[in-house]
Every structure is written in C-alpha cells, then in structure tokens.
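Thanks for asking me to look this one over. My notes follow as numbered points, with the cut-offs given as they come up.

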Amino acid sequence: CRPRSPGGRARTCRRSCCLLVGTDDSLADIVEFFGLLRAGLTTPEIPPGCLVVNDMAAGSEPDAARRYVELLQRGLQAALGRAATAGSIDRASVDRRSRLLVTSVIGINLISRHATSNDEITAMVDAAIAEVRSWAVA
C-alpha cells in the first residue's frame, strides 16, 4: 500500500488507512492511525478536515464518500479482527467497535473544520486513542 500523492491531506489519509492493513499489533496500528489523524489535522499548512469528509458533509460526492467509509470500515474491521485473533479483544466486539471508530474519524474530521484550537482536536483524538487502548484484554 503506497500513498499516491507526494504530500498533503491525500497522502496522510491514504498512509493512515494503509496502517490498518497488516501487522500483528493491530491495536497499536489503530492508535498510530489516530496519531496520524491528529498530526494531519493540527498541521497549520494543511486545510482542516479530510477532503472526502468535507465533500461528504456538503453532499457533493456521495460515491466518493461511500467508498471512503467502506475503505475505513474494512481497514478498521481487519485491524480489530487481527486483534481478536491474537486474543487482545473479544471477537464479538469487532463490528461494533469498527463502526464506533469510523464515526469517530468522520466526526473528528468534521469538527476540526471549525475547531477553535489544536487543543480541541488533540483532546478528541486522545479520547479515541484512550478508548482503543482500554479495549486491550489484560
């Protein structure tokens, strides 16, 4: 999985989704994914929000929005599925948790468009990361 563009938001989104594809430490991959989301949303030279999510909010590209949600859902389900196989989380929670994380990613992107500070974005991402970390079976 390789980023298609040389820089900016598209590269960050694609690289982030690639993280979800295939290592053994899938909860750590999800945490890293959210870390990249935070970095992308708090970098001043990059416009706020994900371009696809912005289009989703405007209703201008429904097919692109659907593809993005499906890609994100598949990646998160795969990462959580690997975590379940490794015994890190309960398999019955994979679908529910992947939907929660998709909703979180989209919501954080949308809210970041009008956030008053990077601290606000960071707090939302950190809450998602804390939730993911809390899922690990001891």
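1. A word on terms first: contact, or touching, means heavy atoms within 4.5 Å. This is a predicted model, in which local features need pLDDT of at least 70, side-chain atom pairs count only at pLDDT 80 or more, and totals for chains, interfaces and linings use all residues. Residues are numbered from 1 along each chain as its sequence is written, and side-chain values use heavy atoms, with hydrogens and water left out.

2. Let me start with Ile-129, which is placed in helix H6. Helices here are DSSP runs (H or I, at least four residues), numbered from the N terminus. Leaving out residues up to four places away in sequence, Ile-129 touches Val-31, Phe-34, Gly-35 and Arg-38. Ile-129 is buried, at 6% relative accessible area; buried means under 20%, exposed over 50%, and partly exposed in between, with a 1.4 Å probe and protein chains only. From Ile-129 to Phe-33 the C-alpha distance is 9.3 Å, although 96 residues separate them in sequence.

3. Helix H2 covers residues 26–41, and its 16 residues should span 22 Å at 1.5 Å a residue, which agrees with the 22 Å between its end C-alpha atoms. The expected span is 1.5 Å times one less than the number of residues. Among the buried residues of H2 are Leu-27, Asp-29, Ile-30, Phe-33, Phe-34 and Leu-37.

4. Helix H5 (residues 94–112) has 19 residues and reaches 27 Å from first C-alpha to last, close to the 27 Å expected. Its buried residues include Val-94, Arg-97, Leu-101, Val-105, Ile-108 and Ser-112.

5. Which residues touch the most other members of the largest nonpolar core? They are Ile-30, Phe-34, Leu-80, Ile-89 and Leu-101, in a core of 27 residues. H2, helix H4 (62–85), H5 and helix H6 (118–134) each supply at least two residues of this core. A nonpolar core is a set of buried Ala, Val, Leu, Ile, Met, Phe, Trp, Tyr and Cys residues joined through side-chain atoms within 4.5 Å. Setting aside neighbours within four places in sequence, Leu-101 is in contact with Ile-30, Phe-34, Leu-76, Leu-80, Val-132 and Trp-135.

6. Now for the charged pairs: the whole structure has five salt bridges, each a side-chain nitrogen of Lys or Arg within 4 Å of a carboxyl oxygen of Asp or Glu. In one of them, Asp-29 pairs with Arg-82, with the closest N and O atoms 3.7 Å apart. Asp-29 lies in H2 and Arg-82 in H4, so this pair ties together parts 53 residues apart in sequence. Both Asp-29 and Arg-82 are buried.

7. Asp-126 and Arg-38 also meet in a salt bridge, at 2.2 Å from N to O. Because Asp-126 lies in H6 and Arg-38 in H2, the pair ties together parts 88 residues apart in sequence. Asp-126 is partly exposed at 35% relative accessible area, and Arg-38 is partly exposed at 23%.

8. Arg-99 is partly exposed at 48%, as is Asp-95 at 34%. Finally, a network of salt bridges links Asp-63, Arg-66 and Glu-70.
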